[in-house]
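The following exercises concern one structure, shown below. Each task is followed by a solution in steps.

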Amino acid sequence: MISIKKLSKRYQTKDQVVQAVDDVSLEIEKGEIFGVIGYSGAGKSTFVRLLNRLEEPTSGEITLDQQSLTQLGKNDLRKKRQKIGMIFQHFNLLWSRTVYENIAFPLEIAGVDKQSSKEKVDELIELVGLKGRENSYPSQLSGGQKQRVGIARALANDPEVLLCDEATSALDPETTDDILDLLVSINKKLKLTIILITHEMHVIQKICHRVAVMEQGKVVEVGDVLEVFINPKEKTTKRFVQQLSPLEHDPERLKDFITEDESKEVVKLHFVGGTARRSLISEVAKQFDVYVNILQGSISQTQEGSYGTLFVELDGERKVIEASMNYIRNSGVEVEVVTNA
Amino acid sequence: MLEELFPNVIMENLWTATYETLYMTVISVIGTFILGIILGLLLYLTDRGNLWSNRVINGITATVVNVFRAIPFIILILLLIPFTDFLMDTIRGPKAALPALIIGSAPFYARLVEIALKEVDKGVIEAAKSMGAKTHTIIFKVLLQESKPALVGGLTVTAIALIGYTAIAGVIGAGGLGDLAYMHGFQRRNNDVVFACTVFIVAIVFIFQWAGDFVSKRIDKR
């Protein structure tokens, strides 16, 4: 749906040239939630602004639904922008307008008549869950509510794409989850393509289908979220994945549990996809005569299924341990015996 | 009692002078507002990185504004006499004071407008652009709306300065409370007339300040 080819942006500052976005090519499918993650200064903010040409690209091409954005004239670009919604880290609402008037603003810009505008705004207020707050001013709202207004405003002209520029970075964790849930429900309900940039892996894990990792203006890794999580290739990606399950990469703490004792075995269970939901551990403990001692681990839910790692100690007779490991393997979970290397 | 304290004050003259002062102030505040907004917008929009970023126009506007702000008001009135004569067909009375009052205070207000516009969150302008807003929409529905309390506050300050200017203009024949205080009060050693005029001018200033604060507070939704 959106195809980005060799997109670059260079800035000329007084004493140096900054390559903010460097030869980025991506294909984004219709209806997907595509995440771009990177540390600050990676160029992701510039990247998202190139997509609606708030920043003019130095070179490269962007096509949206077979139409080249990069070649549009000023007027056509303005019209096209009405079909590309955008939400911001600091919400960027007009404080002089009420919630209702803020959401109606893009409709005013598009020249929609008062009656249709009212219907649309009422519908959007309902959609983002702000009923009853129509006449409040932004200063009377909480951060999460402000972002809801931002989302409603971005959806007013029925956009084809929604760009999210660090949309949850100014919110507390709980509000972040609420806003992310709202984005997922909008994505499903309206079949809306969402491109979001963030520095929080949690956001990517929770709602994105695919992810691109950016570093120094370049996309260094791209793929399905689950795949990238399970098998991160680049160093930056690994660091981001580690944000979510810091213990997983901390074998030091397991050392004390690993002994020569035949009746005890420390194993690493790797859950990929749907199986992680099942109560596998209880099943093992019930069916086999072993004690299962959970040492550390974490399971994350992604849009494509669950994924996670669990370190457990199996305590019992050697034969039974082998049998239970086989059972776990047969349920589609990877099993790896951890030894002191 | 009042007549004993103010033996030389003729109430009719005082009211006429008050009316003239109010007339000069109100008309010149309106003129200053319009001219100041235009100049202020021009200063802001042509500044680097803004919508009409243009070094030449910005430089010219800034120079004009600075030059007119640098000229002391009493000298500006004198310099503008031919222009006033041409425009108003007279160089005496409250009407004749208007061009000098407006030209003298608009550059000052323009700077206040520029400051007010600079305070508008750049993110909001970016948001409007991302919605596909035209430049005039951004000017009238974002910039001027979002800076309204500061624009009103600046106008209050300017209006009060203008009341002072009307008194100066009065000294060279524009009429109003300044004229009355100088001609009938100071020149004839009638201190009571000077004092009465002062009380009236202070009252006018207080009313303007109060009205400005009231409006500013009402429209500030931050």
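Two residues are in contact if their C-beta atoms, placed from the backbone, lie within 7 Å. The model is predicted, so local features need pLDDT of at least 70 and side-chain atom pairs count only at pLDDT 80 or more, while totals for chains, interfaces and linings use all residues. Residues are numbered from 1 along each chain as its sequence is written, and chains are lettered from A and ligands numbered from 1 in the order in which they are written.

**Exercise 1. Describe the side of chain A that touches chain B.**

Step 1. The contact joins 18 residues of chain A to 18 residues of chain B.

Step 2. Helix 2 and helix 3 (99-110) of chain A are the elements that give two or more residues to this side of chain A. Helices (H or I, at least four residues) and strands (E, at least two) are DSSP runs, numbered from the N terminus.

Step 3. By class, this side of chain A has 9 nonpolar, 6 polar and 3 charged residues. Here Ala, Val, Leu, Ile, Met, Phe, Trp, Tyr, Cys and Pro count as nonpolar, Asp, Glu, Lys and Arg as charged, and the others, Gly among them, as polar.

**Exercise 2. Which residues of helix 7 of chain B are buried, and what covers them?**

Step 1. A residue is buried if 20 or more other C-beta atoms lie within 10 Å of its own, exposed if 12 or fewer, and partly exposed in between.

Step 2. In helix 7 (residues 122-130) of chain B, the buried residues are B:Val124, B:Ala127, B:Ala128, B:Lys129 and B:Ser130.

Step 3. Their cover includes helix 2 (74-81) and strand 6 (84-87) of chain A, together with helix 8 (135-146) of chain B.

Step 4. After helix 7 of chain B comes B:Gly132, with a positive phi near 85 degrees.

**Exercise 3. How do helix 9 and helix 11 of chain B pack?**

Step 1. Helix 9 (residues 148-174) and helix 11 (residues 191-219) of chain B have axes 8 Å apart, at an angle of about 170 degrees. Axes are lines fitted to C-alpha atoms, for helices over the stretch in contact, and angles run from 0 to 180 degrees between N-to-C directions.

Step 2. Helix 9 and helix 11 of chain B are therefore roughly antiparallel to each other. Angles under 35 degrees count as roughly parallel, over 145 as roughly antiparallel, 65 to 115 as roughly perpendicular and the rest as oblique.

Step 3. Residues of helix 9 of chain B, including B:Val152, B:Ile160 and B:Ala167, meet residues of helix 11 of chain B, among them B:Ile204, B:Phe208 and B:Val215. This contact has 13 nonpolar, 5 polar and 1 charged residues.

**Exercise 4. Where do the two domains of chain A touch?**

Step 1. Chain A is divided into domain 1 (2-243) and domain 2 (248-337), with bounds from an automatic or database domain assignment.

Step 2. Their centres, taken over C-alpha atoms, are 39 Å apart, and 10 residues of domain 1 are in contact with 8 residues of domain 2.

Step 3. On the side of domain 1, helix 7 (201-207) and helix 8 (225-230) of chain A each supply at least two residues. Helix 8 of chain A gives the largest share, 4 residues.

**Exercise 5. Which residues touch the most other members of the largest nonpolar core?**

Step 1. A nonpolar core is a set of buried Ala, Val, Leu, Ile, Met, Phe, Trp, Tyr and Cys residues joined through C-beta atoms within 7 Å.

Step 2. Of the 144 residues in the largest nonpolar core, these are A:Ile103, A:Ala152, A:Leu163, A:Cys164, A:Ile195 and B:Leu101. Helix 6 (residues 94-118) of chain B gives the most to this core, with 13 residues.
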